[in-house]
Structures are given as C-alpha cells and as structure tokens.
Amino acid sequence: MSTTITQELREDGILILTINREKSYNALNIAFFSEMDAIMDTVYNDDNIKSVILTGAGEKAFAAGADIKEFASFNVAEGKHLAANGQAILFDKIEQSQKPFIACVNGYALGGGCELAMACHIRIASP
C-alpha cells in the first residue's frame, strides 16, 4: 500500500490523488514516480475514471520539486536519466491523457512540482 500517494475514486468518476509527503513539502522522490507510473496506466485503462484531481497534502506545498536528499548522490548521467524518465513516465502521460487532469495547487509548486502542475490540463491555485 502506498504512503507516497493517497487515492480516492469518487462515485462520479473523479480520482483524487494526493501527494502524501507533507513533512518534505511533498517533494517528488523515486517512489512517487514509480507509483504515479502505475496510477497513470490505471487512469488510461479504467473507464470508471473520468477525470483526475492532483493535489499535495497539507497547506504549505503542492510539490516542492525533486527530493534533493534522495538525489544528492546521483552523478550527471543518473540525473539526466531521472529527468528524462520523469518527463516520459509522468509529465508527458499527464499532458497526453484524454481524461482531464486538474492540479489543485495549495502552496509551493517549485521546480518539478511546477512542471507537474503545468503538465495538468487545468490549474487552480490557492492565494
């Protein structure tokens, strides 16, 4: 069971995804990308899912970008692979989805968190 992303499929077909890493300002780590890859396959193939709302846990951050603590030891090649892989398995899949993705931006959206919000079809932001 995931603790990085919580999921709630409402009866009206709206899938609510919450990045559940509030203590790290919902920083995007390897587990997040892996879980989102599997979730994206479900979104693409499950006709019960009509649209997706993506948000971050808490009130301080939607997503603070890459989890620097986790990626600090990466060399240049590993960093390039991570960036390209994240683009292909997540941002491109969201952008190309036939089902609308709505980013509910509740706080900071920095670096990759901003990219994640921008990949969504609609963005709604808190003050």
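**Cysteines and a sheet**

Me: Hi! Is cysteine 114 buried, exposed or partly exposed?
Reply: In this predicted model, cysteine 114 counts as partly exposed, because its relative accessibility is 35%, and that value lies between the 20% and 50% cut-offs.

Me: Which cysteine sulfur is closest to the one in cysteine 114, and how far away?
Reply: That would be the sulfur of cysteine 120, at 11 Å, so the two are too far apart for a bond. A disulfide needs sulfur atoms within 2.5 Å.

Me: OK, and how many disulfides does the count come to?
Reply: The count is 0. Cysteine 104 is in no disulfide either: for its sulfur, the nearest cysteine sulfur belongs to cysteine 120, 9.0 Å away.

Me: While we're there, what's the relative accessibility of cysteine 104?
Reply: Cysteine 104 comes out at 26%, so it counts as partly exposed.

Me: Switching topic: what's the strand order in the sheet?
Reply: The sheet is open, has 5 strands and runs S1-S2-S3-S5-S7, with mixed pairing.

Me: Which strands stand at the edges?
Reply: S1 (5–9) and S7 (122–125) do. Each has a single partner strand, so one side of each is left without a neighbour in the sheet.

Me: And how much are neighbouring strands turned against each other?
Reply: By 20° on average, ignoring direction.

Me: Nice. Which residue in S7 stands opposite valine 105?
Reply: Alanine 125 is the one facing valine 105 there.

Notes. Residues are numbered from 1 along each chain as its sequence is written. This is a predicted model: local features need pLDDT of at least 70, side-chain atom pairs count only at pLDDT 80 or more; totals for chains, interfaces and linings use all residues. Side-chain values use heavy atoms; hydrogens and water are left out. Two strands pair if DSSP finds at least two bridges between them. Helices (H or I, at least four residues) and strands (E, at least two) are DSSP runs, numbered from the N terminus. Axes are lines fitted to C-alpha atoms, for helices over the stretch in contact, and angles run from 0 to 180 degrees between N-to-C directions. Buried means under 20% relative accessible area, exposed over 50%, partly exposed in between (1.4 Å probe, protein chains only).
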